[in-house]
Amino acid sequence: MVRDVVLGRRRALFLLALKNVLRKKAVACLALLGVGLGSSLIIVLLSLSGSLNRNLDRTVSALAGKLVVSPRDALFGGIFFGSGTPLPPGDLATVRETKGVRNAYGRVSASLHPADFPDLVLPFTGYSPEEIQAAAGTPFAEVVRGRAPANDKEIIVGRRLVDTLSFLGRKLAVGDTPSFQLPDGATIDLRVTGVFQTGDEITDTSVAGSIGLARQLASLPQNDYSSLAVRVERPDEVLPVEQSLLAEMAKSDPPVQVVAPKNLLDPLAASTKAVDRLLLAISLLSALGSTLFISIIMSITVVERMKEFAVLKAVGWCGRHVTTLVLAESLILSLAGTALGLALGCGGALVLGRWLKPGVPAWPQLVQVAVLAVLVGTVGGIFPAWRAGRVAPALILHQG
Amino acid sequence: MIRCENLEKTYGSVNVLSDFNLSLPRGAFCALVGPSGGGKTTLLNILGALDRPTAGRVVLDGTDLTACPEKALYRVRRDKVGFVFQLYHLIPALKAWENVLVPAVPWGSAGLKERAGSLLSMVGLAGKEDRRPGQLSGGEQQRVAVARALLLDPPIILADEPTGNLDRASGRKVMQLLRRLNQELGKTILVATHDPGVAGGCQSVIELGQ
Ligand SMILES: Nc1ncnc2c1ncn2[C@@H]1O[C@H](COP(=O)(O)OP(=O)(O)OP(=O)(O)O)[C@@H](O)[C@H]1O
Ligand SMILES: [Mg+2]
């Protein structure tokens, strides 16, 4: 078929189809808009679902092979805001001696309250010099703009947090020295020296700095930690190491919990899948809508043009040729509509991207949408085309 | 060239044609007359393979239409017959030469463009190839329709009141054209008409529906 078109056997038919489409401008515009809006919706939804999945995948892989030991009274297993009773330094030693643990570092979590907007809470994590030295994947090792903090008055901010704040109208740029409130009511000026991006969305929505600064912000005693970051030898050993840690630290005071952050995300992954399915369902509904739309428009034009099809048959076309002509018209409309939808949808995705970071959908998704367009045009055109091909030439010509 | 045997056509209980026999030799130029409702259009539709008779046999240039399966009838319409209608039935969006090419579109009409041009000059429309039907008079449109009927060079031309919508002068021009096709190209032509003048200009006359 494609070869026929290229070689010219079917080209005349497709040219005629194109002329027919251009003939009724209002109808063509209507069809274009109908299919265009439908497919642009699909593209926006696909790009949203794509970005949702990409973010989740990145976060999950960044968290693989990690465990967090935190006081049992800490919220969210201590991986979001470290709170609860501080852990004594002895706990760190115990963890390091546990089998399967590659290394462990004490961290101190705190919260930052901008002096001019104290109700805003920015999560802050202080990293020990050892961890900064040794471990890849910490914010200190993943600075994408500026440089890492060099002292207790300097901080770096996660990329995701910078975006979120700028959406809220609060710019936080490298070189700024915003003031923050301390627990005792005094204020402290901290210099933003850089922006980091670890790939883990949770960490990337926080502020990082030295452990000393964190202790000051959280009013924590020297040598105490709010959580311990544990790396296991092999990612698939997370579960057994979790068990041995729990056994080793059964008697420690305060009581601790051991959490694999990745497992905490499992319900999130499940709900992402549900959202995915919902978006897919909406996309399919929208495609179905476009199909119906094309079908109705083509049916109306076909009924109007029955006499024309009868004439085509009278001059020697067979039913199949008439059917092909109408199908080609339907296909042209849906392809043009989808092209419009691609433009609208990518534009929409970019506009949305300013807040949601979905970006333009990837190639496979665009291909999916194009395939969908062909399907919409074909399926939507089948019934009208079949009717056009079945017209009885004599009957129509008798009537005038 | 055209032969009908015991042709019968009924619509419900209305008997339009009954026991109709006809034999036209190759190169005949024949008028089909009769009262309105007499069955002229019905007969032409059957001869042109647009419709099927209720009973009887039709043989067209050696092809038995009545034995022909529905799916093969288009070949008869394409290869054997050129149809000219009272209302021209051109496609409004297409230019004159594009309208002439329409019968060949499914098989690729690219190579026939020159032939369309020469047919249009033959029917006296040289220089008006690029006009659309709306920019042509009725007589000119009918001559475009004649050129379209000639594109695939069928041996038979069937014309259903080709002058019915035209004034006397334009009608005469169209009939002159048909006569030329008959004399110079040897086409077998059957013209249904109400006009005694048109019928008088043909070699023979068949009356339908007394
Ligand atoms: N599809 C149809 N269903 C029922 N009756 C029909 C149909 N087509 C034609 N007829 C009837 O058949 C008869 C012959 O019609 P036809 O059109 O062949 O006449 P005609 O000789 O061409 O008339 P005119 O000179 O007015 O064109 C008429 O009585 C008409 O009502
Ligand atoms: Mg008639």
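Visitor: How does the lining of the second largest cavity divide into nonpolar, polar and charged residues?
Guide: Since this is a predicted model, what I say describes the model. The second largest cavity has a volume of about 90 Å³, and its lining includes Ala314(A) and Val315(A) from one chain and, among others, Phe83(B), Pro103(B) and Leu152(B) from the other. Arg77(B), Arg78(B) and Arg148(B) also belong to that lining. Sorted by class, the residues of this lining come to eight nonpolar, one polar and three charged.

Visitor: Which element gives the largest share of the lining of the second largest cavity?
Guide: In chain B, at least two residues of this lining come from each of H2, helix H5 (138-150) and strand S6 (81-84). The largest share amounts to three residues, and the element that supplies them is S6(B).

Visitor: What volume does the largest cavity have?
Guide: The count of cavities of 30 Å³ or more comes to three. Around the largest cavity, the elements of chain A that give two or more residues to the lining are helix H2 (11-23), H3, helix H10 (266-304) and H12, and the lining residues include Asn20(A), Val27(A), Met298(A) and Glu329(A). By class, this lining has six nonpolar, two polar and four charged residues. The volume of the largest cavity is about 120 Å³.

Visitor: H3 of chain A was among those elements, so what distance does helix H3 reach from its first C-alpha to its last?
Guide: Helix H3 of chain A covers residues 25-63, which is 39 residues, and at 1.5 Å a residue a reach of 57 Å is expected. After H3(A) comes Gly65(A), with a positive phi near 75°.

Visitor: How much space lies in the second largest pocket?
Guide: This pocket has a lining of 23 residues, and those nearest its centre are Lys313(A), Gly319(A), Gly389(A), Glu70(B) and Arg77(B). Helix H12 (319-356), helix H13 (363-390) and H14 of chain A, along with helix H2 (73-79) of chain B, each supply at least two of the lining residues. By class, the lining has 12 nonpolar, three polar and eight charged residues. The space in the second largest pocket is about 500 Å³.

Visitor: Which element supplies the largest share of the shell around ligand 1?
Guide: Ligand 1 lies between chains A and B, and 14 residues surround it, with Ser36(B), Lys40(B), Thr41(B), Thr42(B) and His194(B) the closest. The shell divides into four nonpolar, eight polar and two charged residues. At least two residues of the shell come from each of helix H14 (393-398) of chain A and helix H1 (40-47) of chain B. The largest share is three residues, and the element is H1(B).

Visitor: What percentage of the area that ligand 1 exposes when taken alone does the protein bury?
Guide: An oxygen atom of ligand 1 is 2.4 Å from a side-chain N or O atom of Ser36(B), and an oxygen atom of the ligand is 2.7 Å from a side-chain N or O atom of Thr41(B). The backbone takes part too, with a polar backbone atom of Gly37(B) at 2.8 Å from an oxygen atom of ligand 1. Taken alone, ligand 1 exposes 640 Å², and of that area the protein buries 67%.

Technical notes. Residues are numbered from 1 along each chain as its sequence is written. Chains are lettered from A and ligands numbered from 1 in the order in which they are written. This is a predicted model: local features need pLDDT of at least 70, side-chain atom pairs count only at pLDDT 80 or more; totals for chains, interfaces and linings use all residues. Side-chain values use heavy atoms; hydrogens and water are left out. A residue is near a molecule or strand if one of its heavy atoms lies within 4 Å of it. A polar contact is a pair of N or O atoms within 3.5 Å; within protein, one must be able to donate a hydrogen and the other to accept it, and residues adjacent in sequence count only if both atoms are side-chain atoms. Accessible areas come from the Shrake-Rupley method with a 1.4 Å probe; for residues, only the protein chains shown count as cover. Helices (H or I, at least four residues) and strands (E, at least two) are DSSP runs, numbered from the N terminus. Ala, Val, Leu, Ile, Met, Phe, Trp, Tyr, Cys and Pro count as nonpolar, Asp, Glu, Lys and Arg as charged, and the others, Gly among them, as polar. The expected span of a helix is 1.5 Å times one less than its number of residues. On a 1 Å grid over the protein atoms alone, a cavity is a set of points where a 1.4 Å probe fits but cannot get out, and a pocket is an open set with protein on both sides within 12 Å along at least five of seven lines; lining residues have an atom within 4 Å of a point. Grid points are joined across faces, edges and corners, and a volume is the space filled by probe spheres set on the points.
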